[in-house]
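Please keep the sequence and the model at hand while going through the numbered points.

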Amino acid sequence: MLRLKNIEVIYDDVILVLKGLSLEVPSGRIVALLGPNGAGKSTTLKAISGLLATEEGEVTDGAIEFDGQRIEKLRAEQIVRLGIFQVMEGRRVFEDLTVDDNITMGGYIRSDRAGLRRDRDLCFDYFPQLKNLRGKLAGYLSGGEQQMLAISRALMARPRCILLDEPSLGLSPKLVQEIFGIIRKINEQEKTTILLVEQNANQALAIAHFAYLMEGGRVVLEGETDKVKANEDVKEFYLGGTGGKRDYKAVKSYRRRKRWLS
Amino acid sequence: MEFFFQLALNGVVVGSIYALVALGFVIIYKSSGVLNFAQGEFLLLGGYVFWALVENHAPWPYAAALTILFSIVLGLALERLILRPMIGEPIISVIMVTLGLSSVLRAIVLGIWGTDTRPYPELFSSQPIMVGPVPISQGYLFSMVISAALLLAFTLFFRYSRVGIAMRATAFSQEVAQSMGISVRSIFAISWSIAAVVSALGGILLGALRGGVDGSLSVLGLKALPVVILGGLDSIAGAIVGGLVIGILENLSGGYLDPLMGGGVKEVAPFVVLVLILMVKPYGLFGKIKIERV
Ligand SMILES: Nc1ncnc2c1ncn2[C@@H]1O[C@H](COP(=O)(O)OP(=O)(O)OP(=O)(O)O)[C@@H](O)[C@H]1O
Ligand SMILES: [Mg+2]
């Protein structure tokens, strides 16, 4: 279980981005974290994974717990070793390394050779098209292939929890569907807990068990996926509307709600 | 023709040592983006430490092993004491720090050992070995074999070993490397140690070839700069080819042109070629050009 309690994140000592954010990711579940650009979704993931430090960001208040252990002060490499692996926004493959070497780096923290070999095969089971690209430089892969590679790296670390930052970014609808299908499969077969950050709310809510909606550095709505999907505001603003026109009243009620929640 | 072979061979021998030192330079640049101007002093220090050990009756293989150990510790210490506190500072500040470091190290060496040449003992018999028609001194042959073996070992290390791949990954992006659980600090420490070790070995080999060490060794260490600029700052293959090219050019121009032009060509020729090559290939012969998919 991953738990964030009232965390506050500040960049460069002055820019307050997360303002008392709390959320929970129970083991074995897929939890979606939705929200508009700049809401602080990526910041939330980096706070968990310890990658904030490289961007002059810091968790200044609150606590992050992973299976009961406080982790908000640990370094990124220690957090990976505890079993939390972040797949960063924009895929971020090592462009001048081959596909194989990228996969090797995913398993960097492990030394069980047999297990690593098995998991490499597992990656190619999930993403057969990577198999023919093994010797190719990752920089020359298509966006979809790079995303598959980024997820493969995560599989190689055998984490208990994967933080996925916008895996749908820049991919065709068909590919998005394929990738999300595999994310669900990984969750079911490897029992990996997944915290999924998305702008593509439709797709995310299709595979998540629970969802949080955040805006301006706070959670403004949370609930079981069905409930969130049924929420009128979410329908209106995140799921492309219910077919009706965006009337002024809806906007107003949403604003009101936001104020009330925050 | 024999004269030509002799010069070319000298060039290859000296060039392979340059390549070794350049390798150290490239490793640090690749993993952290820092140009290490103290590379020449690593070489100097290695050469003197080896001399001091041999002088105190250590058999030379032991002296070499101890010098390597010393260099590993030196690399780790420098990373920990000087470079780690600089993490997050602009790269240019870190580079200035290496410039300062180079003066400090040189002052230390001069303070301890003075300015006189410290002669190395004869490590090899002076009986040359014939390679075809060309006689080669045993020392040359040995130093060529050692440099080639080291260069090969490091090439394989970077290509296939987990840590070697992690060093390249860190060079690409420290942030992404960290997200894989790679400790960027350890990677930096390892690269500084490797750089110190290869330079020290270069210092020992040069000392052996020239019959002793003195302050001018650090100037030879700075040869790494044109070598890596020629080869491409981030390429190991480039360091090797660059080292050989500069070594050979230096010796050929020294042998053929210096008598005609009254000396000095040996020192200048590599730079002339450097400028010409950079005009055609601004990233050096093997420099990385960012992958741009179209
Ligand atoms: N390194 C940084 N330094 C300063 N401010 C930052 C930094 N990174 C992010 N921010 C700011 O923090 C806020 C949240 O950014 P974040 O990247 O977490 O948003 P996001 O929800 O992931 O958005 P998107 O959907 O566009 O990826 C933004 O206003 C952004 O400008
Ligand atoms: Mg983001």
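Are D101(A) and R168(B) buried or exposed? The answer is given in the first point, and the further points proceed from there. The model under discussion is predicted.

1. **A pair across the two chains.** D101(A) is buried, and R168(B) is buried as well. These two residues form a salt bridge, with 3.3 Å between the closest N and O atoms. D101(A) belongs to helix α3 of chain A, whereas R168(B) belongs to helix α6 (residues 162-172) of chain B, so the pair joins two chains.

2. **The interface as a whole.** Across the interface of chain A and chain B, the rule finds two salt bridges. One of them is the pair of D101(A) and R168(B) described above. Another salt bridge links R92(A) with E175(B), and here the closest N and O atoms are 3.5 Å apart. In chain A, the elements that give two or more residues to the side touching chain B are α2 (76-82), β6, α3 (99-106) and α6 (143-156). Residue pairs in polar contact between chain A and chain B number three, counting pairs in which both residues have pLDDT 80 or more.

3. **The extent of the interface.** The size of an interface is often given as the accessible area lost when the parts come together. For chain A and chain B, the buried area is about 2,600 Å². Carbon and sulfur atoms give 61% of that area. Chain A brings 33 residues to the contact, and chain B brings 23 residues.

4. **A covered strand in chain A.** Strand β7 of chain A comprises residues 161-165, and five of its five residues are buried. The two faces of β7(A) may be examined separately.

5. Strand β6 (residues 84-87) of chain A runs parallel to β7(A), and four bridges join the two. Within this pairing, F85(A) has I162(A) of β7(A) as its bridge partner. Strand β8 (residues 193-198) of chain A is also parallel to β7(A), and is joined to β7(A) by five bridges. Here L164(A) has L196(A) of β8(A) as its bridge partner. Between β7(A) and β8(A) the chain passes through helix α7 (residues 173-189) of chain A, in a β-α-β crossover that is right-handed.

6. I182(A) is a residue of helix α7 of chain A. Its relative accessibility is 9%, and I182(A) therefore counts as buried, the limit being under 20%. Setting aside residues up to four places away in sequence, I182(A) touches Y126(A) and F127(A). M148(A) is 34 residues from I182(A) in sequence, while their C-alpha atoms are 9.5 Å apart in space.

7. **Salt bridges within chain A.** Over all chains, a search of the whole structure finds 17 salt bridges. Among the salt bridges is that of K5(A) with E65(A), whose side chains meet at 2.9 Å, N to O. This pair links distant parts of the chain: K5(A) is in strand β1 (residues 2-11) and E65(A) is in strand β4 (residues 57-66) of chain A, 60 residues apart. K5(A) is partly exposed, with 37% relative accessibility, whereas E65(A), at 15%, is buried. A network of salt bridges also links R110(A), D112(A), D119(A), R158(A) and E190(A).

8. **A salt bridge within chain B.** The side chains of R106(B) and E41(B) form a salt bridge at 2.8 Å, N to O. R106(B) is in helix α4 (residues 91-113) and E41(B) is in helix α2 (residues 39-55) of chain B, so that distant parts of the chain, 65 residues apart, are linked. R106(B) is partly exposed, with a relative accessible area of 35%, but E41(B) is buried at 3% relative accessibility.

9. Which residues are in contact with T67(B), leaving aside its neighbours within four places in sequence? They are G46(B), V49(B), F50(B), L53(B), A200(B) and I204(B). T67(B) itself lies in helix α3 (residues 60-83) of chain B. Its relative accessibility is 1%, and T67(B) therefore counts as buried.

Technical notes: Residues numbered from 1 in each chain as written. Chains lettered and ligands numbered in written order. Predicted model: local features only at pLDDT ≥ 70, side-chain atom pairs only at ≥ 80, totals over all residues. Heavy atoms only, no water. Buried < 20%, exposed > 50% of the residue type's maximum accessible area, 1.4 Å probe, protein only. Pairing = 2+ DSSP bridges. Right-handed = clockwise from strand over helix to strand, strands pointing away. Contact = heavy atoms within 4.5 Å. Buried area = accessible area lost by both parts, 1.4 Å probe. Salt bridge = Lys/Arg side-chain N within 4 Å of Asp/Glu carboxyl O. Polar contact = N/O pair within 3.5 Å; in protein donor to acceptor, adjacent residues only side chain to side chain.
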